[in-house]
Amino acid sequence: MPNWPPDPNKRSDNSSNQPAPMLQPPSQPTGQEWRLIENTLLASVVEQRRARRWSIFFKLLTFGYILLIFLTLGRGCSTKAPAGLEGIDTSKPHLAVVELQGTISNDDAANAYDVSDALTQAFENSNSKAVALDINSPGGSPVQSDEIWQTMMDLRKKYPNKKLYAVIGDIGASGAYYIASAADEIYVNPSSLVGSIGVIMPSYNVEGLMDKVGVKDRTITAGEYKDILSLSRPLTDYEEQHVEKVLANTHKHFINAVKKGRGDRLKDPEANKLFSGLFWTGEQSIALGLADKTGSISSLEKQLKLKSVVNYTPKDPFQFFMDRFAVKMGAGIGSSVNLDVLPQEDGNAKMR
């Protein structure tokens, strides 16, 4: 048996006379290598930050989708309540306000269903001492306008002791004035645009343009006048007369509504061309009997000696959330920007 443990002083037969190799210490990185390492580490940190930001973004996006679903379900499942009244005390005497803003259309905020419903709720509240329709609209659908007008007339009849005011801001024209005429009194700003008691149906003839660019009309109809408002051909005399009769009939309804709402307050409508489609300033409209006084919602509140105003206008929960979000976002951006005048030691001012 070989001797164990082996003698360290005894060389093996296979050993060479050369000394055993020694481990060399690692060489120090050069300046270029240090920069490479530093750039690699910094890139890793930046990538981690970017990943965290994207993670936060997608979490917020998911939260927004979930919140939107809850708002939509809540809107569809909850009972209809005056939007904007949550947390507002309606148990005290107040001026009830309903807004009529923008184009009057079934697809817009100024639609007959929402406006009529808000007016009804405003009248039904025993603590609303008066109701004001805040108008800023160029008009729109004659059908939607007439439905709101009918609602206002019915509410005035049902609640004779509660006055209904129409307050016109920038503009109360066409269908918007149709609606305003149903109020007990119409308030305007001296520079408001009021009137435009008329009906319009836009129509264009691009036949010449189509010929220039080589476009042919291949419309197929069943009915002699089905394409009466086609852009590719002019109206015949009979068609033009027919359209004029349709508009005249609608105009007659408009005129009758204004006469019923304003009564004897109108000053010589024929001589002053009140029903010709012209519009006037608020100051001129008072002189013509189209309006009663100059004023606003705030001045009406003071006149009625009420200490609060409650807005009964329905609000879309999602739109309300987005508006609030936009306001908060804007406030955050604004707070990060400073434009201060700072005094210097020498007495001069500088901007920061």
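This is a predicted model: local features need pLDDT of at least 70, side-chain atom pairs count only at pLDDT 80 or more; totals for chains, interfaces and linings use all residues.
The protein chain as a whole comes next. It contains 9 helices and 10 strands. Of its 352 residues, 27% are buried. The chain exposes about 24400 Å², and carbon and sulfur atoms supply 57% of that area. Among contacts with a separation of 6 or more, 72% join residues 24 or more positions apart.

Three parallel-paired strands can be followed in order. Strand β1 (residues 94-101) runs parallel to β2, and 8 bridges join the two. Within this pairing, valine 98 has leucine 133 of β2 as its bridge partner. β1, helix α2 (residues 112-124) and β2 form a right-handed β-α-β unit. The chain then crosses from β2 through α3 to β3, again as a β-α-β crossover that is right-handed. β2 and strand β3 (residues 163-173) also pair in the parallel sense, over 7 bridges. Here the bridge partner of alanine 132 is tyrosine 165 in β3. Strand β2 (residues 128-137) is largely enclosed by the rest of the structure, because 8 of its 10 residues are buried.

Helix α2 has 13 residues, which should span 18 Å at 1.5 Å a residue. Its end C-alpha atoms are 18 Å apart, in agreement. The buried residues of α2 are Ala112, Val115, Ser116, Ala118, Leu119, Gln121, Ala122 and Phe123. They pack against β1, β2, α3 and β3. An α-helix has 3.6 residues a turn, so residues three or four places apart point the same way.

The largest nonpolar core has 46 residues. Leu100, Leu119, Leu133 and Met152 touch the most other members. At least two residues of this core come from each of β1, α2, β2, α3, β3, α4, β4 and α6. The largest share, 6 residues, is supplied by α2. What does leucine 119 touch, leaving out residues up to four places away in sequence? The list is Val98, Val131, Leu133, Ile148, Met152, Leu155 and Leu164. A second, separate core holds 10 residues, including Ala132, Val167, Tyr187 and Ile297.

Helix α3 (residues 142-158) contains threonine 151. Is threonine 151 buried or exposed? Its relative accessible area is 16%, under the 20% cut-off, so threonine 151 is buried. Beyond its neighbours within four places in sequence, threonine 151 is in contact with Ser116 and Thr120. Ser116 is itself one of the buried residues of α2.

Helix α6 also has a buried set. Its members are Glu239, Val243, Leu247, His251, Phe254, Ile255, Ala257, Val258, Gly261 and Arg262. The cover over these residues includes α3, α4 (175-180) and β4 (185-188). After α6 comes glycine 263, whose phi is positive, near 60 degrees.

How values were computed. Residues are numbered from 1 along each chain as its sequence is written. Side-chain values use heavy atoms; hydrogens and water are left out. Helices (H or I, at least four residues) and strands (E, at least two) are DSSP runs, numbered from the N terminus. Buried means under 20% relative accessible area, exposed over 50%, partly exposed in between (1.4 Å probe, protein chains only). Contact means heavy atoms within 4.5 Å. Accessible areas come from the Shrake-Rupley method with a 1.4 Å probe; for residues, only the protein chains shown count as cover. Two strands pair if DSSP finds at least two bridges between them. A crossover is right-handed if, with the strands pointing away from the viewer, the path from the first strand over the helix to the second runs clockwise. A nonpolar core is a set of buried Ala, Val, Leu, Ile, Met, Phe, Trp, Tyr and Cys residues joined through side-chain atoms within 4.5 Å. The expected span of a helix is 1.5 Å times one less than its number of residues.
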